[in-house]
Amino acid sequence: MPVQTAYSSRAAAAYEGMLAFEEPSLTVSRLVETPAGIGFGKPAFQGACDEGIAAQGATFRGVTLADRNVAPRNGGDLFAQGDTAPVMIRGAVWVVVAGAVAAGNPAFLTPAGAFTAAASGNVPIPNALFDSSAAPGGLARLRLN
């Protein structure tokens, strides 16, 4: 029986939708309504049903967490329509940012649904801020309070 004898000296790199810390957080399960699905680490909005979420909308509900148990359809990093997705509503999650962000910046969503620290032309995410810094296209911790 093989036994692992080599270990990395550093923790694995973060990925989109990864829970950032093992601290008290709040995650709810929601039914994906968007026909094209919703990816990991993406904003989730109130859907047509009470327990539903959509990839776009007027009411921000949280951020989808990555889930290793998702069926491998669509590349394995997407909740398909009809899937139940974990949506973080309080806590810290890794997201890809559209522009440079710094720790402590308030968080906004672009009209295309990307996370950014730029206020101009974008919608604020209530009680959310970036918990780490990142360059455009990089990963940053987003804290939802």
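Predicted model: local features only at pLDDT ≥ 70, side-chain atom pairs only at ≥ 80, totals over all residues.

Reader: Which residues are the closest to the centre of the largest pocket?

Author: Phe45, Gly57, Leu109, Thr110 and Val123, out of 15 lining residues. The volume of this pocket is about 190 Å³. Its lining has 11 nonpolar residues, four polar and no charged.

Reader: And how does the lining of the second largest pocket divide?

Author: Into seven nonpolar, three polar and two charged residues. Among those lining it are Glu16, Lys42, Pro43, Gln56 and Phe115. The space there is about 160 Å³.

Reader: Now the interior. What should I look for?

Author: In soluble globular proteins, nonpolar side chains tend to be buried together. Here the largest nonpolar core has 20 residues, and Val63, Val95, Phe115, Ile125, Phe130, Leu142 and Leu144 touch the most other members. Strands S5, S7, S8, S10 and S11 each give two or more residues to this core. A second, separate core of 10 residues includes Ile53, Val70, Phe79 and Ala85.

Reader: What does Leu144 touch?

Author: Beyond its sequence neighbours, Leu144 touches Phe60, Val63, Met88, Ile89, Arg90, Gly91, Ile125, Asn127 and Ala128.

Reader: Arg141 is in strand S11. Is Arg141 buried or exposed?

Author: Arg141 counts as buried because its relative accessibility is 19%, and the cut-off is under 20%.

How values were computed: Residues numbered from 1 in each chain as written. Heavy atoms only, no water. Core = buried A, V, L, I, M, F, W, Y, C linked by side-chain atoms within 4.5 Å. Buried < 20%, exposed > 50% of the residue type's maximum accessible area, 1.4 Å probe, protein only. Helix = DSSP H or I, 4+ residues; strand = E, 2+ residues; numbered from the N terminus. Contact = heavy atoms within 4.5 Å. 1 Å grid on protein atoms, 1.4 Å probe; cavity = no way out; pocket = protein on both sides within 12 Å on 5 of 7 lines; lining within 4 Å. Points joined across faces, edges and corners; volume = space filled by probe spheres on them. Nonpolar A, V, L, I, M, F, W, Y, C, P; charged D, E, K, R; others polar. Lists of a residue's contacts leave out its neighbours within four places in sequence.
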